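Here are my notes on the model you sent over, as numbered points. Have the structure open while you read.

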Amino acid sequence: MPDALSSLYGGRGISLVSGRGSRVTDSEGREYLDFFNGHGAALFGHADETLVGALVGAAGKIWSPGAGFDSPARMELADILSGFLEGGRVFISNSGAEAIEAALKLAVALRPKRSRILACRRAFHGRTCGALSLTFNPKYKTMFKILLPNVEHYNPGELAERIDDDTAAVFIEPAQGEGGVYPLDPEVGREISGACEKRGALLVADEIQTGLGRCGAMLASELVGLRPDVVCLAKGLAGGLPIGATIWKGALGDFPSHTHGSTYGGNDISASVGVAALKLIKEKNYTAHAVKIGGELRSALSALKEEAPVIKEVRGIGLLNGVEVEVPSLDLVKSLQKGGLLCLAAGPRVVRFLPSFAASSEDVSEAVSIFGNLLNFH
Ligand SMILES: Cc1ncc(COP(=O)(O)O)c(C=O)c1O
């Protein structure tokens, strides 16, 4: 890795130079099965033909006309996203954290007299200052003393009773990813939704990792009893190009003019690929594929658990899956990479598998066999 790059990330020690479907190749010509997919951004796998076609088609036209000008691509994207919530209004940005920042500001704009913002223990909502205030893990936050003071974190099961008339918004992931892969209990989801409705607090679903079919529905909220007023999307929305979106129910109102904005948000390249990506999920029925492949992965991993006591628990929903282990997850992630399988950690004891829509049943068998072989050594 060149010295000039910040050492924030801790290198994986290889350069990935190309990819196709569920496979990537490094600069030495070695192929890997990819269940990492750029932190889940490559939701469609790599070099999907339709998305490449949309990208190439957009590249020769206009890239950044500017947010004040009408853009057919941006308008079509907003139109489709608007259908996710009743009378949906849409703000398009460039990343997950920006989608969350917009939701935070929107909550303050729409509920100006309320002061409390609630989120979950173990939550991950991003690393910009507003989003980081909502993120739970002290490791990411303690040294930064400029975070929002009015965010409170509770266990999901306690949240409903904490919501009161002074609560502006509740931020929640339908399934926690980074925090250790914990799908929300639907009963708890319904209680939180009911309490928000009763008290007039905005329910903000962070669907940045869970949304767009990955968990087996366009929005995972519907699988876990959440009835959100606001939804944040990013990651797979443009198949891996930078994009974020904040969608809210139109009846709630809007930002006062010019109180938020973004130079690149909704640029024609990302928006064109985003439109193609959203259409592809429907055309290929990827939500059903996610249910099938995710189910196969979890049952094969659970079968492994019988033989490998190092596995404590297998959890997940659709293509978002985690294996809790009794050894440091990062060690396993590194060994799996050596064995030809890319995945990621979700905290110190959970190995996370994020296969893309391109993953097949054969890919699942191969991944589980690489994992099983490795566990024989632990
Ligand atoms: C649930 C969730 N929210 C927010 C974010 C932040 O997204 P980004 O890294 O694009 O800012 C992530 C990223 O992993 C995420 O998983």
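1. A definition to start: a residue is called buried under 20% relative accessible area, exposed over 50%, and partly exposed in between. By that rule Arg 199 is partly exposed, because its relative accessibility is 32%. Keep in mind that this is a predicted model.

2. Stay with Arg 199 for a moment. Its salt-bridge partner is Asp 165, and the closest N and O atoms are 3.2 Å apart. Asp 165 sits in the loop between α7 and β7, while Arg 199 belongs to helix α8 (residues 186–199), so the bridge links distant parts of the chain, 34 residues apart. Asp 165 comes out at 51% relative accessibility, and since exposed means over 50%, it counts as exposed.

3. Now look at helix α7 itself (residues 156–162). Arg 162 and Glu 158 both lie in this helix, four residues apart, which is about one turn. They form a salt bridge, with 3.9 Å between the closest N and O atoms. Both ends are partly exposed: Arg 162 has a relative accessible area of 34%, and Glu 158 has 27%.

4. Which parts does the bridge between Arg 23 and Glu 366 tie together? The closest N and O atoms of this pair are 3.0 Å apart. Arg 23 is in strand β2 (residues 23–26) and Glu 366 is in helix α12 (residues 361–375), so the bridge joins parts that are 343 residues apart in sequence. Glu 366 is partly exposed, at 32% relative accessible area.

5. Arg 23, Glu 31, Asp 363 and Glu 366 are linked in a salt-bridge network. For the whole model, the count comes to 17 salt bridges.

6. On to the ligand. The residues around it are Ser 95, Gly 96, Ala 97, Phe 124, His 125, Gly 126, Glu 173, Asp 206, Ile 208, Gln 209 and Lys 235. Sorted by class, this shell has three nonpolar, five polar and three charged residues.

7. An N or O atom in the side chain of Lys 235 is 2.8 Å from an oxygen atom of the ligand. A backbone N or O atom of Ala 97 also lies 2.8 Å from a ligand oxygen atom. At Phe 124, a polar backbone atom is 3.4 Å from a nitrogen atom of the ligand. As for cover, the ligand has 390 Å² of accessible area on its own, and the protein covers 78% of that.

Conventions
Residues numbered from 1 in each chain as written. Predicted model: local features only at pLDDT ≥ 70, side-chain atom pairs only at ≥ 80, totals over all residues. Heavy atoms only, no water. Near = heavy atom within 4 Å. Polar contact = N/O pair within 3.5 Å; in protein donor to acceptor, adjacent residues only side chain to side chain. Areas by Shrake-Rupley, 256 points an atom, 1.4 Å probe, with all protein chains shown as cover. Nonpolar A, V, L, I, M, F, W, Y, C, P; charged D, E, K, R; others polar. Salt bridge = Lys/Arg side-chain N within 4 Å of Asp/Glu carboxyl O. Helix = DSSP H or I, 4+ residues; strand = E, 2+ residues; numbered from the N terminus. Buried < 20%, exposed > 50% of the residue type's maximum accessible area, 1.4 Å probe, protein only.
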